[in-house]
Amino acid sequence: MSGAWAAVELGAPAAGAAAGLEPWAQLLIALGLLLLAASLLLVEFFVVSWGLLSVAAGGAAYAACALAFAVSPLYGWVFVAACPLAAAIIVPWGLRRLQASRAVPKVEITEDAGYRHHTDALGVVPGSLGELVTDALPTGRARFPGGEIDIAVEGNGLPRGTRVVVLRIEGPIVTVRTA
């Protein structure tokens, strides 16, 4: 067996290990870098950094793995396996935290949002009579006793001043025709 393969198989320190540091010191630094990576990933869910903290966490994790490989391939592979495991724990926790925070809207917009509430406030219902205040080609604006709203004409467009009747209200769309 050649000397390089014997070193890999026996878990001996890899060639090119960090100059001047004992293997245990390198391993402690690698562990510190791994903890730094996990901390940066955690902080990403508390601070708006547009992903910069995640990139820094990835760099720290890469450096931790490289330093662990410099000590021994066995330690290197342990660090390589630990990185995605840590991410698999931290990321779902952070996403649950974000979902529960006030930063994420909890109210959902339904089909009745928009002008539907405005038509209710103005008393506009199917059968209401109004007058176009703009040309409707095919949309425009009509005045009803309670106020003005945007409308859509069924069929061909209509000129300003035409009397219209509301056919139906579907969400924000108020459909009218000539009265």
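Residues are numbered from 1 along each chain as its sequence is written, and side-chain values use heavy atoms, leaving out hydrogens and water. Because the model is predicted, local features need pLDDT of at least 70 and side-chain atom pairs count only at pLDDT 80 or more, while totals for chains, interfaces and linings use all residues.

**View 1. Strand S5 alongside strand S3.** Strands S3 (residues 147–153) and S5 (residues 173–178) run parallel and share two bridges. Val153 has Val176 of S5 as its bridge partner. Strands here are DSSP runs (E, at least two residues), as are helices (H or I, at least four), numbered from the N terminus; two strands pair if DSSP finds at least two bridges between them.

**View 2. The S4–S5 hairpin.** Six bridges join S4 (residues 163–170) to S5 in the antiparallel sense. Look for Glu170, whose bridge partner in S5 is Ile173. Two residues lie between the strands of this hairpin, and Gly171 in the turn has a positive phi of about 60 degrees.

View 3. Thr119 sits in helix H5 (residues 115–122). Thr119 is buried, at 0% relative accessible area; buried means under 20%, exposed over 50%, and partly exposed in between (1.4 Å probe, protein chains only). Leaving aside residues up to four places away in sequence, Thr119 touches Val124, Ile149, Ile169 and Val174, with contact meaning heavy atoms within 4.5 Å.

**View 4. Confidence along the chain.** Mean pLDDT (the predictor's confidence in each residue, from 0 to 100) is 80 for the protein chain. Helix H1 (residues 3–10) has the lowest mean, 45, and strand S1 (residues 129–132) the highest, 94.
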